Amino acid sequence: MKLRRIADKLKYHDLFIKMFSIMLISIIAVALSTWIVMFRMSEQVFIDTFSITNSKIMTQIKTSMENMNYAVSMTASNANTSGEIRRFLTSSQYTTIEELNSHYKVTQEMRRIQSTLATYPIAMVITGINGNRHATDTTIWPPTYKGLQEHSITKQTLTEPRKLHYQLDESTIDGKKNSEAVVVASKALVEQVSGDFYGVLYFAMKEAEFRKNYAGFTTKGNDVLLINSDGVVISSNLSERLGTKELELLNYAQLIDKQEDEYLNVEWNNRQHMILSAYMPNYDLYLVNLIDKRYVLSQMLNVKTVALLCVAIVIVSLIIVFIMSRRITRSLTLLARQMSRVTKRNFGNYITVKGSNEIVEVGKAYNLMLDELNEYIAELLKTQKEQRNAELSALQMQINPHFLYNTLASVKILVQQGNREKASATINALIELLQNTIGNASETITVEQELINLKNYVYINHVRYGESIHVSYFIDEQCHRAQLPKLIIQPFIENAFFHAFQGRSDGYIYVMISRNGGNLVCEVVDNGVGFEPIKLDQHIKSETSSHFFSGIGIRNVNDRIELLYGGSYGVNINSSTGKGTHITITIPFISAKDITKT
Amino acid sequence: MKKLLTILLASFMLLTACSSNSDKSTNTSNEGTNGGSTGKKQEITVWAWDKAFNIAAMETAKGIYAQKNADVTINVIENAQDDIIQKLNAGLNSGTTKTLPNIVLIEDYRAQSFLQAYPDSFFALDEFINAADFADYKIGPTSFEGKQYGVPFDSGVAGLYVRTDYLQEAGYTVDDLQDVTWDEYIEIGKAIKEKTGKDMLTQDPNDLGLIRMMIQSAGAWYLQEDGKTPFIANNAALEDAFNTYKNIMDANIVKVISDWSQFVGAFNSGDVASIPTGNWITASVKAEAEQSGKWAIVPFPTLANTASSVHASNLGGSSWYVMNVDGKEAAADFLKETFGSNVDFYQTLVTEIGAIGTLKAAAQGEAYTAPDEFFNGQTTIADLASWTEQIPNVNYGMHTYAVEDILVVEMQNFMNGTELETVLNNAQTQAETQIR
């Protein structure tokens, strides 16, 4: 039930629902497509600009790194040529004073040499084959000399003595592994002329300081890594990557280097990255710049805000569209509802006119149409009634010529027989009958007059066919002045005369008119053969030349009564074979006075 | 539509009401700060160096203070000592207080150079702490013109850390090194070198800490009492110290080093039999757990030819200073409640960090009298604390490190055979021209 009610309700909102859903879909589609296109476009713009600016930045980083490397290698070469340092690292057999002196001097010498590195927080460390060593700042490196000789950094250095090796040492730092990791550049100290090895020189710089070469350029999602040829991360703003092997990145870097590409778009760490790389031959390191595209783009675009803005705009416009289309369709819906209430035959449902201008016009036009429709119907009814009356009167005029012929023939016989009296009476009855049927224009007549017509008709029939069929009249006193349509009883009497007594020489017909409450009841009863109700149609339709009227059948009587007084009145036929026929005509009781009054 | 409008209007009203409320609350808190009372959300910034020692001590203090004063936020920032000196100088020179912290740690040797140059930039703490509660020798560096500016923190009390096993091998006991002179120390050193082949101590030609300890034990310094006039020539204690230094070198019992890693490495690897230095080395000594039970701490040796020399001296040590900036009262209150008077707090410092404070009352605490298994059950803290009280009070003045730079060079000349008198006179002349 509920569902049906909802369905009914929805039926009237059909237009609104369609309109709104089209709007909804199109607004969302427009917003979404705009958003996507904008996103794609800005992504492209971003990638283009980013790759340009970042390759410039890479060049800058490279330059600053080269500068540092230049300072370091200059210092290294100074240290290599320093006699003081060579003596400190090679000589043995000292007295304490000499040793003190040597340590003092080497400290001064190291300080002097280190001055070329003054702009960088770099500690210099030297170790010699005689076991002597010195560090300018042990807070940086090394925390202890224990194991330095066997340290992988030292070993690596000795494999290629003339090369400056950049490596990361995070093995000996207590607790905080990454933040205190140290980048160590190492080089073997070798006698210039003889090529004899006499010590190792280390330049140590905290990775956090080393990082400052490029840290200014990095942001979240825009990271820099320095990777050596083994794939080990020597320095990075991504602290957690320090010291790990990133072979994948190394591959990309080498690929970029080989193909001389500007950049590569790769999937790294399950995220879309743009990767730029430059090889620094002096360091033997790859400078890798990783850009997390999605993240950086989201920083630039603030996807969330844009999305929220889009959603907000969509919602606001939807609300407006909802309200507007609701307003427009509501008057239409109302109109549709009111119109649908105009059921069959009920054209009085006028529409209350309100809403937008167009709707008002439609409503007005509709009401106007209803007006005209009602007018037309009234007119139509009137015409139909008139037509009917005309038809009836026409029918009444059409007195069967055979009847006249036969009646006149009977009168001729009477005259020939010399029965003048009877002949004149018959002529009189005929005249009176014709006068009442043709002459009287009014539709209804009083029971009295109808009775006269009936008697005249019966008299003529008696003259023609003999008086073996007796007709008796029982009229209620008060019914004499009652009105009834002309010639409604005559067809039944005629019917009884010609059909009820077939094969019999005599019979009775009773005509009874009485009042029953507000009704006038006319009954025609015969004691004839009767008939089966099924045969009624044929029976009534059959026409013979003896009939008074050529067109008025019994069926017409019923139609006429219904037309005049409504459906509750009419003719009731009760008949069965061998028992005769009982016909009851019921019409409203209207006295002649009433007629004249109205 | 009307409803919607009214709702919007109402929410605006509500918002403005809220914001005006919050304005009021911030105003009151600002007034609180300006008024000097312990206002709401006070933030104190502290600058210090050395994560394991000073920073750790400050964090402990922070924890204790936070229990009672939850509304004060203490923000400890770690910097290298040189950075702090630089930043402090920069801030004080520029005259703005914005960049300065509320509390800063300054080494005692340098303290006067700041206090005398910028007395108005520091906040006197006489109303918060009682100078007499602290070791006397700490008061000189931390006060200026009769006003107490610093809250004395760690004692740099010096001791002689010795390897008992090497002593034994050479036929000595710890008792033989108790209250000795440097001359006796050298003799024992020679014996040890002969028997075990180990050097007696390490020395860095660039660091004259040993000289400083020697002269302070005699109540002398590089500068006159005024803290400004160089006092190098005719400084008997300094002469004695220089001679003693040369004797030690001549005895061939020194392992020469030139950096901190070598210094620590030498005693950790068992290359030396003793370390004459400040007590803050204890943690580094104990770091080599294998040497547990092989160490003892004996009183600092005296200069044989200087009568005033006592068996107590100092090396390093620093103190907390409150800068004269907003929030100074809160900062002073914080120091008062912790470093200034809290005996229990000092017990925690000793047990957890090994930092010996200079609050006299703290020495009575339980932690101070506890024996240390690493040092064979010696009550090292109590011993060091008792020596602390005997440290002669000297005025480090403003130029300790400036003079030392000159002396390092002259010491080499002295070692190479130049007459002591010439060396010291040269140094005196140089110092007089450089300082001022």
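Predicted model: local features only at pLDDT ≥ 70, side-chain atom pairs only at ≥ 80, totals over all residues.
Two strands pair if DSSP finds at least two bridges between them.

**Confidence**

The model scores ipTM 0.81 and pTM 0.66. Chain B has an average pLDDT of 87, and 91% of its residues reach at least 70.

**Strand S1 and its partners**

Start with strand S1 of chain B, residues 42–48. Five of its seven residues are buried, so the rest of the structure largely encloses S1(B). S1(B) runs parallel to strand S2 of chain B, residues 72–78, and seven bridges join the two. One bridge pairs B:Trp47 with B:Ile77 of S2(B).

Helix H2 of chain B, residues 51–68, belongs to the picture too. Together S1(B), H2(B) and S2(B) make a β-α-β unit, and the unit is right-handed.

S1(B) has another parallel partner, strand S3 of chain B, residues 103–107. Two bridges link S1(B) and S3(B). Here B:Trp47 turns up again, standing opposite B:Val104 in S3(B).

**Strand S12 and its partners**

S3(B) leads on to strand S12 of chain B: these two pair in the antiparallel sense, over five bridges. B:Ile103 stands opposite B:Val322 of S12(B). Strand S6 of chain B, residues 150–152, is also antiparallel to S12(B), with three bridges. In that pairing, B:Pro152 has B:Ser319 as its bridge partner.

In S12(B), B:Ser318, B:Trp320 and B:Val322 point one way. B:Ser319 and B:Tyr321 point the other way. All of these residues are buried.

**A three-stranded sheet**

Chain B also holds an open sheet of three strands, ordered S10-S7-S11, with antiparallel pairing. Its edge strands are S10(B), residues 274–278, and S11(B), residues 295–298; each pairs on one side only. From one strand to the next, the twist averages 25°. Strand S7 of chain B, residues 158–163, pairs with S10(B) over five bridges. Within that pair, B:Gly159 bridges to B:Thr277 of S10(B).

**Strand pairs in chain B**

| Strand pair | Sense | Bridges |
|---|---|---|
| S1(B) and S2(B) | parallel | seven bridges |
| S1(B) and S3(B) | parallel | two bridges |
| S3(B) and S12(B) | antiparallel | five bridges |
| S6(B) and S12(B) | antiparallel | three bridges |
| S7(B) and S10(B) | antiparallel | five bridges |

**Where chain B touches chain A**

In the contact between the chains, 15 residues of chain B meet 19 residues of chain A. Which elements give two or more residues to the side of chain B that touches chain A? They are strand S9 (254–256), helix H10 (260–268) and helix H16 (400–415) of chain B. H10(B) supplies the largest share of this side, four residues. By type, the side of chain B that touches chain A has six nonpolar, eight polar and one charged residue.

Terms used: Residues numbered from 1 in each chain as written. Chains lettered and ligands numbered in written order. Contact = placed C-beta atoms within 7 Å. Nonpolar A, V, L, I, M, F, W, Y, C, P; charged D, E, K, R; others polar. Buried ≥ 20, exposed ≤ 12 C-beta atoms within 10 Å, placed from the backbone. Right-handed = clockwise from strand over helix to strand, strands pointing away. Axes fitted to C-alpha atoms, helices over the stretch in contact; angles between N-to-C directions. pLDDT = per-residue confidence, 0-100.
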